[in-house]
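Grab the structure and work through these exercises one at a time. Try each task yourself before you read its solution.

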Amino acid sequence: MTKRKSTATAAPKGAQDMTATRSGAPRPRVTPWWRKRGTRLGLVGVVLGGMALGTWWTWHQGWGPRLLEQARWQAISWSADIGLRIGEVLVEGRRETSRADLLAALRVDRDAPILTFDPKAARDRVEALPWVRTAVVERLLPDTVLLRIEERSPLALWQKEGSFTIIDDSGEEIPGATAEQFADLVVVVGEDAPAHTAGLLEILGSEPSLMERVQAAVRVGGRRWNLRLDNGIDVQLPEESPSRAWSRLANYEKTHQVLDRDIKAVDLRLPDRLVVKRGHPAKPQPRRKGRST
């Protein structure tokens, strides 16, 4: 039997296995430096750092804000092109404040881009007007500005040092309001009168027919009120339970018409009786029509 000889192809001279040594041990694979993980992370860091430095430099040079502002105005211009323009201004709650003053405070221009209108700044300007207590300003897209205001209510004429000032229901003076505009309001006198006027008028309002005859109220000692009626009679209210005393006078007037008699004053300070002081006959004056507040 003929034995088959094994044959082997000789490797070219100089060729070697790249993964093993002559002894057969594995040879470490060599990785190029640019493919190493640390090198790549370093390159990424350099790129990001360069971008950050470039952004900072651009912003520091003023280019960034200018680019943002240009983009903002381009967006506003585009919004105006599609119809977001001021076309109407709606005002609710106005009584004493003139429309011209409100529009001047709002600072709105018809056909101006509505997105350039600042409701908060407009509200602050409106609330600075003398008659305005609170204001709400809204943009109603696409073309409407809505203004709701709550005005201060004129309550009385406060006489101090020979002059008259209009006060509101919180006792605060209303700048710019004149006595001629509100001559039908009750006159109150006294340093602390404004702070207590709302409470007094609430008491007087419990008897409307009698309240119509009150022309003035004087605060006495910071404790109580004296009233002057339209026919010159003085009514002295007590410090305690003035509303009860006022109702007692109203009932007495209905049954006895005491205020049309020959009297000068009515003292209600005693809880169980009504004291009158006689005087010259008083001539009733035309009653004023009360102003609603």
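**Exercise 1. Start from β4 and find its partners in the sheet.**

Step 1. β4 and β5 pair in the antiparallel sense over six bridges. Here two strands pair if DSSP finds at least two bridges between them, and strands (E, at least two residues) and helices (H or I, at least four) are DSSP runs, numbered from the N terminus. Before going on, note that this is a predicted model: local features need pLDDT of at least 70, side-chain atom pairs count only at pLDDT 80 or more, and totals for chains, interfaces and linings use all residues. Residues are numbered from 1 along each chain as its sequence is written, and side-chain values use heavy atoms, leaving out hydrogens and water.

Step 2. Look at Trp 158: its bridge partner in β5 is Thr 165. Two residues sit between the strands of this hairpin, where Glu 161 takes a positive phi near 50°.

Step 3. Now the other pairing: β4 and β6 (residues 187-189) run in the parallel sense, over three bridges. There, Gln 159 has Val 189 as its bridge partner.

Step 4. Is β4 enclosed or open? Five of its seven residues are buried, so β4 is largely enclosed by the rest of the structure. (Buried means under 20% relative accessible area, exposed over 50%, partly exposed in between, with a 1.4 Å probe and protein chains only.)

**Exercise 2. Track down the largest nonpolar core.**

Step 1. The core has 29 residues, and Val 188, Leu 227, Trp 246 and Leu 249 have the most contacts inside it. (A nonpolar core is a set of buried Ala, Val, Leu, Ile, Met, Phe, Trp, Tyr and Cys residues joined through side-chain atoms within 4.5 Å.)

Step 2. Which element gives the largest share of this core? That's α5, with five residues.

Step 3. Check which residues of α5 are buried: Ala 193, Pro 194, Thr 197, Leu 200, Leu 201, Ile 203 and Leu 204. Seen down the axis of α5, they fall within an arc of 145°, so they line one face of the helix. (The arc is that of the directions from the helix axis to the C-beta atoms.) On the other side of α5, Ala 195 and Glu 202 are exposed.

**Exercise 3. Describe the three-stranded sheet.**

Step 1. The order is β1-β3-β2, in an open sheet with mixed pairing. β1 (88-92) and β2 (132-140) each have a single partner strand, so one side of each is left without a neighbour in the sheet.

Step 2. β2 and β3 (residues 144-151) pair in the antiparallel sense over eight bridges. In that pairing, Val 137 stands opposite Leu 147 in β3.

**Exercise 4. Decide how far to trust the model.**

Step 1. The chain's mean pLDDT is 81, and 68% of its residues reach 70 or more. (pLDDT is the predictor's confidence in each residue, from 0 to 100.)

Step 2. Where pLDDT is low, the predicted coordinates should not be read in detail.
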